[in-house]
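This report is for a reader who is meeting the structure below for the first time. Please look over the sequence and the model before reading on.

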Amino acid sequence: MADRKIKILDTTLRDGEQAPGYSMNLYEKLEMASQLERLGVDIIEAGFASASPEDFEAVRSVAEQVKTCTVTSLSRALKADIDKTFDAVRVSMRPRIHIVLATSDLHMRYKLGMSPEEVLERARESVRYAKRLCDDVEFSAEDATRSDRDFLEKVLETVIEEGANTVSIPDTVGYRMPQEMAELVTFVKEHVKGIEKACISVHCHDDLGFATANTLAGIRAGAGQAECTINGIGERAGNASLEEVTMGLYVRPDYYHAYCPVNLKQIYRTSKLLTTITGVAVPPNKSIVGANAFAHEAGIHQHGILANRATYEIMSPEVIGVPQNRMVLGKHSGKHAFADRLSILGYELSEAQLEKAFASFKQIADRKKTVTDRDLEALIGNQHTHFEPTYLLKSFVVNSGTVISATAAVKLIRDDEVYETVSTGDGPIDAAFKAIEMTARSGAVLDNYTINSVTEGEDALGEVIVKLKAGGTTVTGRGLSTDIIEASIKAYLNGVNKIVAPTKS
Ligand code: KIV
Ligand code: ZN
């Protein structure tokens, strides 16, 4: 029998984004959506349109921008919410309404305050209503894995009768074990009347660390859609990670007899984009995309790898597009060679973006002996801005040591005028941030600061990510330089520019 095609519904922008620390602004969501489209997911869940006007706008903008994926938004089983949801996704080439209604006794009684009969009726009415607006409707029975099976069967039968194209059985609280998840999918396949007309979806949370295993077990038992997020982000412990699910299918077709046609080469870049946008790094030992996922440290392993990579590698880093750490460009490389290399890496930049990226490359190449693909990835990752910065860095001087107070003098340019401020601080970085604030008066409060080395070696690029809080919002600032104080200043200034930008991008 031919392998089954599995659809991937990516919910990074909904389940992922609603988790603390992962909020994204409109432009960041659009950037992420573009990358998900490049990755080739089937469905992008762009948000929860009826949650707020900002959420509505984000879903609508993603629906407008994305051309090749279905775009959906979650909706409560209420007519007003369904109307809002459809309003947000209707501009999409392929809109979908995703209705959620809880079916477990616990949720029905304590969360919804509804009887099972009322829930059944609401499920029927809401899918019937949504179908009048949109051809493609998904119904999720929230907390399905803790629901009474007979009741779940009735609800799924009812929504399929009303035309639901996809029925999802979420393991909302990450409670089930893989064998149980497989049994539940089998039960649904064998007992729900009309199930052949709908696609079974699985949506698993990672509270006990089984989200990926449960998703794959559901697929093996017959589910045709997997709901995942990049880096496994999501409520509490997160969702099934897209990179783990897709690579599980890729590495073990002999076991799953299924495939999903995502562009695996974009996995690493998508993961990296999410970490640069949110400022939340993945742990080094994270499967597939962690920094150590393809590192071989033990001598005996290195020996085996040199003799034959298959001894310790079940997949190669190239498959997911991990950039290689070998010299590709230097300070004499011209714009042509630079553009060529970016195109080999899969980047399509406009002339203006290329010009800007090339200027940054030149600065880096002047200071760094070799510029690798990893440096280029970081450089492009730091180019993403959708507005003209209010303040530009002209220069800075810092003084610090064990016997003097750290002092920073920072010159910024705004509308061709130079502003110079001097501040002391608790270390040179703090002093520089305070000096910037004296000019910009953005009200930013530093919430988080991380620094990572992009490559190894003395002249490695440092990438700084800061999170700044101001007026109830949090923005992420990024900076890249071989000098970590300069990278820090650029990151802080990038964040400040987002705060003071008229559109709050
Ligand atoms: O985990 C869950 O049950 C969900 C639903 C809202 C689909 O995210
Ligand atoms: Zn969820």
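Predicted model: local features only at pLDDT ≥ 70, side-chain atom pairs only at ≥ 80, totals over all residues.

## The zinc site

Three residues coordinate the zinc ion (ligand 2): Asp-15 through OD, His-203 through NE2 and His-205 through NE2, at 2.0 to 2.1 Å. Along the chain these donors follow the spacing D-x187-H-x1-H. Distant parts of the chain are linked in this way, since Asp-15 belongs to helix α1 (residues 12-16) and His-203 to strand β8 (residues 199-204), 188 residues apart.

Are Asp-15 and His-203 buried or exposed? Asp-15 counts as buried because its relative accessibility is 2%, under the 20% limit for that label. His-203 has a relative accessibility of 6%, so this residue counts as buried too.

## Around ligand 1

The residues around ligand 1 are Arg-14, Asp-15, Leu-74, Val-100, Ser-140, Glu-142, Pro-170, Thr-172, His-203 and His-205. Among them, Asp-15, His-203 and His-205 also coordinate the zinc ion (ligand 2).

Which side chains place an N or O atom 3.0 Å or 2.6 Å from an oxygen atom of ligand 1? For Asp-15 the distance is 3.0 Å, and for Thr-172 it is 2.6 Å. Arg-14 also has a polar side-chain atom 3.0 Å from an oxygen atom of ligand 1.

## The barrel

Eight strands form a closed barrel in the order β2-β3-β4-β5-β6-β7-β8-β9, with parallel pairing. From one strand to the next, the twist averages 25°. In general, the strands of a sheet pair through backbone hydrogen bonds, in either a parallel or an antiparallel arrangement.

Strand β4 (residues 70-76) and strand β5 (residues 95-102) run parallel and are joined by six bridges. Ser-75 has Ile-99 in β5 as its bridge partner. Helix α4 (residues 79-89) packs on the sheet and touches both β4 and β5, and the direction of this helix makes about 165° with that of β4.

Arg-122 is part of helix α6 (residues 116-133). With a relative accessibility of 27%, Arg-122 counts as partly exposed, because that label covers values between 20% and 50%. Not counting residues up to four places away in sequence, Arg-122 touches Ala-77, Leu-78, Leu-101 and Met-114. The C-alpha atoms of Arg-122 and Leu-354 are separated by 53 Å, and the two residues are 232 residues apart along the chain.

Glu-157 lies in helix α7 (residues 149-161). Its relative accessibility is 14%, so Glu-157 counts as buried. Leaving aside neighbours within four places in sequence, Glu-157 is in contact with His-191, Val-192 and Lys-193. A polar atom of the Glu-157 side chain lies 3.1 Å from the backbone nitrogen of Lys-193.

## Lys-498

Where is Lys-498 found? This lysine is in helix α18 (residues 484-500). Lys-498 is buried because its relative accessible area is 3%. The side chain of Lys-498 makes a polar contact with the side chain of Glu-28, at 3.4 Å. Lys-498 and Glu-388 are 110 residues apart along the chain, with their C-alpha atoms separated by 9.6 Å.

Gly-346 sits in the loop between α14 (335-344) and α15 (351-367). Its relative accessible area is 30%, so Gly-346 is partly exposed.

Ile-288 has a positive phi of about 65° although it is not a glycine. The loop that holds Ile-288 lies between α12 (267-278) and α13 (299-307). Ile-288 counts as buried because its relative accessibility is 7%. Arg-441, likewise not a glycine, has a positive phi of about 45°. Arg-441 is found in the loop between α17 (428-440) and β16 (445-453). Its relative accessible area is 69%, so Arg-441 is exposed.

Notes:
Residues numbered from 1 in each chain as written. Chains lettered and ligands numbered in written order. Heavy atoms only, no water. Donors = N, O, S within 2.8 Å, 3.2 Å for Na, K, Ca; no water. Helix = DSSP H or I, 4+ residues; strand = E, 2+ residues; numbered from the N terminus. Buried < 20%, exposed > 50% of the residue type's maximum accessible area, 1.4 Å probe, protein only. Pairing = 2+ DSSP bridges. Axes fitted to C-alpha atoms, helices over the stretch in contact; angles between N-to-C directions. Contact = heavy atoms within 4.5 Å. Near = heavy atom within 4 Å. Polar contact = N/O pair within 3.5 Å; in protein donor to acceptor, adjacent residues only side chain to side chain.
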